[in-house]
Amino acid sequence: MAKVGVVLGSDSDWPVMEPGYKILRDFGVETEVLAASAHRTPDAVRSFAESAKEKGIEVIIAAAGAAAHLPGVIAACTVLPVVGVPVSGGALSGMDALFSIVQMPSGIPVGTMAIDGGKNAALYAVSILALKNEQLARSLLAFREAQAEAVYRKNEALRAKIEYGEAPER
Ligand code: RP5
């Protein structure tokens, strides 16, 4: 089974990645989670990145805040696709992490998600895996259909409320 590595710069980043972890679990994707810092425990980060492929990991999601070098350092140590998630919090509300992750030097790419985009990182990882996994591709389509259905239902509920003169709830 396809496997995704989820690396957090700190255990404090877990609330951002937990929704993504749940997505991966719901899709039946095996996930290995590691909290390791590019600055505080660089040896653990390098060792994870260098051994990921032989452990069967096909995509790595790396979430970090502040001076977020984690995704870039991992990308430097492996040719697996790396998806970076800038984490908010701290004085600069995630802008620091976003710029740190997105502005990689040419030659070492990191696919950068939105600030706190843990859920989309998981969906992006699933779509990479789905390129050669038909079951995941079908599950992804089903997910999209269910999501669209939910929007249609909310639209109906909103229009009904407006029609009956009630302000829509936010
Ligand atoms: C970053 O610093 C981590 O990714 C985290 O977002 C932030 C704060 O880390 P802690 O001080 O909570 O461990 O490296």
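Modeller: Let us begin with the general idea: a polar contact is a pair of N or O atoms within 3.5 Å. Please keep in mind that the model is predicted. In this structure, a backbone N or O atom of glycine 65 lies 3.0 Å from an oxygen atom of the ligand, and therefore the pair falls within the 3.5 Å cut-off.

Biologist: Which residues are around the ligand, and how does the shell divide into nonpolar, polar and charged residues?

Modeller: The residues around the ligand are Gly9, Ser10, Ser12, Asp13, Arg40, Ala64 and Gly65, and by class the shell holds one nonpolar, four polar and two charged residues. The site itself is the largest pocket, in which the ligand sits.

Biologist: Turning to another residue, is alanine 114 buried or exposed?

Modeller: In general, a residue counts as exposed when its relative accessible area is over 50%. Alanine 114 has a relative accessible area of 52%, and so it is exposed. Alanine 114 belongs to the loop between strand E5 (111–112) and helix H5 (118–129).

Biologist: How far apart are alanine 114 and glycine 84 in sequence and in space?

Modeller: Alanine 114 and glycine 84 are separated by 30 residues in sequence, while their C-alpha atoms are 8.9 Å apart in space.

Technical notes
Residues are numbered from 1 along each chain as its sequence is written. This is a predicted model: local features need pLDDT of at least 70, side-chain atom pairs count only at pLDDT 80 or more; totals for chains, interfaces and linings use all residues. Side-chain values use heavy atoms; hydrogens and water are left out. A residue is near a molecule or strand if one of its heavy atoms lies within 4 Å of it. A polar contact is a pair of N or O atoms within 3.5 Å; within protein, one must be able to donate a hydrogen and the other to accept it, and residues adjacent in sequence count only if both atoms are side-chain atoms. On a 1 Å grid over the protein atoms alone, a cavity is a set of points where a 1.4 Å probe fits but cannot get out, and a pocket is an open set with protein on both sides within 12 Å along at least five of seven lines; lining residues have an atom within 4 Å of a point. A molecule sits in a cavity or pocket if more than half of its atoms lie within 2 Å of its grid points. Ala, Val, Leu, Ile, Met, Phe, Trp, Tyr, Cys and Pro count as nonpolar, Asp, Glu, Lys and Arg as charged, and the others, Gly among them, as polar. Helices (H or I, at least four residues) and strands (E, at least two) are DSSP runs, numbered from the N terminus. Buried means under 20% relative accessible area, exposed over 50%, partly exposed in between (1.4 Å probe, protein chains only).
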